[in-house]
Structure formats: structure tokens, C-alpha cells
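Here are my notes on the model. Please read them with the structure open beside you.

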Amino acid sequence: MIVVSLSFRSHCLQRLSSCRRLHTGSALHSEAGISNPAEYCKDLVRKHDYEGYLTSQLYPKRFQGGYFALRAFYIELATVREAVSQATLGQARLMFWRDAIKDIYINKPPRHPIALAIHGATRDNHLPLYHFNRIIEAREQELHNQTHLTLESMTSHAESTSSTFLYLLLAMLNLPSSTLAHAASHIGVAQSLTTLLRALPFHASKGVMVIPAEITAKHNVNQQEIFSKGESSHGLEDAVFELATVANDHLLTARDMFKESGGRVPPDAMPVFSAAIPVVSILSTLEAVNFNVFNPSLQIRDWRLAWQVWRSYYKRTF
């Protein structure tokens, strides 16, 4: 948990009012978003998360509105760091969402399309408040610590973001199973690690190394050279391989949770575990390019992914 000094908190509170106006004002300018929050969230996911939009089609119709609300919330928070120029501005935006979630649970959602959509989802489903707050807190920590020294730290952050989002989806589908939660935890970590590896060139262009320092140090990665040249190196490829192997290990552990059913996921839970299919696709592409994250093929949308998602859904495997 972050301990915030009084002076810092005072500064954040000064920023908060303007941040509230920013969120509320933008929402007010979008009457379509206010009048139809579900469509607003669906459109946001379609524009910013192709893989999330693909897997959304696997959810029963009655749950799709809730899925898009939760995914839009996740995207909103995940992009805060890149959307602000100062950490204090990001802190203010996250304070807005912390207050918004609290107000949603007392039936007083702010006039914001995503907040209104989440309010609808909480009325229709039992969504633990704890999961929302855990994601917000992890994003707050991310504002002040953009890199990880250890794999353990990175894994913990992935569990607090990607894995916790999957817990929300399991809760929405009313699937209170420790086995499913355990498997989802590993899928979330694998998803987070592979997403970061694919986005490494973007983060490197901002002077940020997403691979933990203990791994880059082991492989003698010259970070400044990566940042300045914007190209791979033998050491970086070895580091990428190590982190990709960790992601794959989490994927294998998740599969092991379903050994007794021949690797088949319960049908009601398969929409949640379809999140693993893009992970498999990214890992396969990384292997094909010898773990060179700067290879352009990693940034090209895989035309086979839609078919792979549907095939896996019907086979109930990932």
C-alpha cells in the first residue's frame, strides 16, 4: 500500500477537482454515452482492445453488457499512466475512480458512461468491491514504479491487475470455484507478461524497460542501447525468452488445473478462459521470430486469432 504524505495528498486533492471536471465534462459532452453506457463501453473495447472484443462474443447475451463495462473500466485504468504527463495527474484520475466505485456501491454513480455501466453490472451481478479497489491500488503503484526489480514484483502486479480482472468475470458468471480462481490467476499472469513483452518497443521508446532488472542484469542487457537504437540484441532476446518461458509455465499450470476433465474447461467458464488464446498466439509468434520483440510481425493483427478463439471455445480447451 502506498503511504501518501500530507503535502502530496493536498496537491492531489487540488488536482482532483479539475480531474472530476475532466471526467464529468467529457461524459456530458457525450450524451450518447450517458444515454447508452453499454454501447459506449462496447465501442471503447472494440476500438482499443481487439482481443478483448473477440472474446466478448463468447459470453451469453445477458452477460455481455457487464463484460464490456468491466473491460472498459480495465482499459480506462490501464491507460492512465500513458495519458498523463505527471504522476499527480494520474493519481487524481485514479482517486476519481476510487470515489466513483465507492459511490456506485451506494447507488450514486457519477455521470460517466463507464461508471453508469458498472453500476448496472453491480445491480445484476455480485461483483466484490475488493476486486475493483485492488486494481485501482495496483495502478496507483504503477504510476510511481514503472519498472520492476524482480520477477516476484512483476508477478504480484499481474495478479493484482490481469488476474483480478478475471476474478471479476468469474464473479459475474457466478462461478465461485477455487479451482477456477487458481487457474484464472495463472492465466492473468501469463496474459500480463506476454502483453508487456509485445509492448516492449513502445515502452522502450519512452525509456522504460518492462523486463525485471534481475533478468536483464543476468543477460547483460544494455538498456540505454535498447532505448537509443530501438532494436533487439542477443542479450535482450535471451531476457525475452526467459520471461516468455515464465509466461508459458503459468499457462501450463493453468491447464494442469483441468487434468481430471481431460483438459476441458467447464462450459460456463470457457468465456473467461478464452483470454488465454491470445496469450498462446503471442508466445507462438515470439518463438517464430526468435524472441525478437522488435520484429514487426508482433504488431500485426493475427488474422487466424478469431478462428482460434472459436475453435478453442467449442473444444473447451486453451
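1. Tryptophan 97 is buried, because its relative accessibility is 0%. Buried means under 20% relative accessible area, exposed over 50%, and partly exposed in between, with a 1.4 Å probe and protein chains only. Phenylalanine 96 also counts as buried, at 2%.

2. A word on the source: this is a predicted model, where local features need pLDDT of at least 70, side-chain atom pairs count only at pLDDT 80 or more, and totals for chains, interfaces and linings use all residues. Residues are numbered from 1 along each chain as its sequence is written, and side-chain values use heavy atoms, with hydrogens and water left out.

3. The structure has 15 aromatic pairs. One of them joins phenylalanine 96 to tryptophan 97, edge-to-face, with 5.2 Å centre to centre and 85° between the planes. Rings of Phe, Tyr and Trp (its six-membered ring) pair if their centres lie within 6.5 Å; planes under 30 degrees apart are stacked, over 60 edge-to-face, the rest tilted.

4. Tyrosine 105 and phenylalanine 132 pair too: their centres are 6.2 Å apart and their planes lie at 65°, so this pair is edge-to-face. It links distant parts of the chain, 27 residues apart: tyrosine 105 is in the loop between α7 and α8, phenylalanine 132 in helix α9. Helices are DSSP runs (H or I, at least four residues), numbered from the N terminus. Tyrosine 105 is partly exposed at 30%, whereas phenylalanine 132 is buried at 0%. Phe73, Phe96, Trp97, Tyr105 and Phe132 form one aromatic cluster.

5. Helix α9 covers residues 129-144. Its 16 residues should span 22 Å at 1.5 Å a residue, and the end C-alpha atoms are 24 Å apart, which agrees. The expected span is 1.5 Å times one less than the number of residues. Buried residues of α9 include His131, Phe132, Ile135 and Arg139. Among the elements covering the buried residues are α5 (61-78), α7 (87-104) and α10 (151-172).

6. Arginine 139 has its charged end over the ring of tyrosine 74, 5.3 Å from the centre. Arginine 301 does likewise over tyrosine 50, at 3.8 Å. The cut-offs: NZ of Lys or CZ of Arg within 6 Å of the ring centre and within 35 degrees of the ring normal.

7. Check two backbone angles. Most residues other than glycine have a negative phi. Asparagine 174 has a positive phi of about 60°. Asparagine 174 is in the loop between α10 and α11 (178-198) and is exposed at 61%. Asparagine 290 has a phi near 55°, sits in the loop between α17 (276-288) and α18 (305-315), and is exposed at 55%.

Key. Helices (H or I, at least four residues) and strands (E, at least two) are DSSP runs, numbered from the N terminus. Contact means heavy atoms within 4.5 Å.
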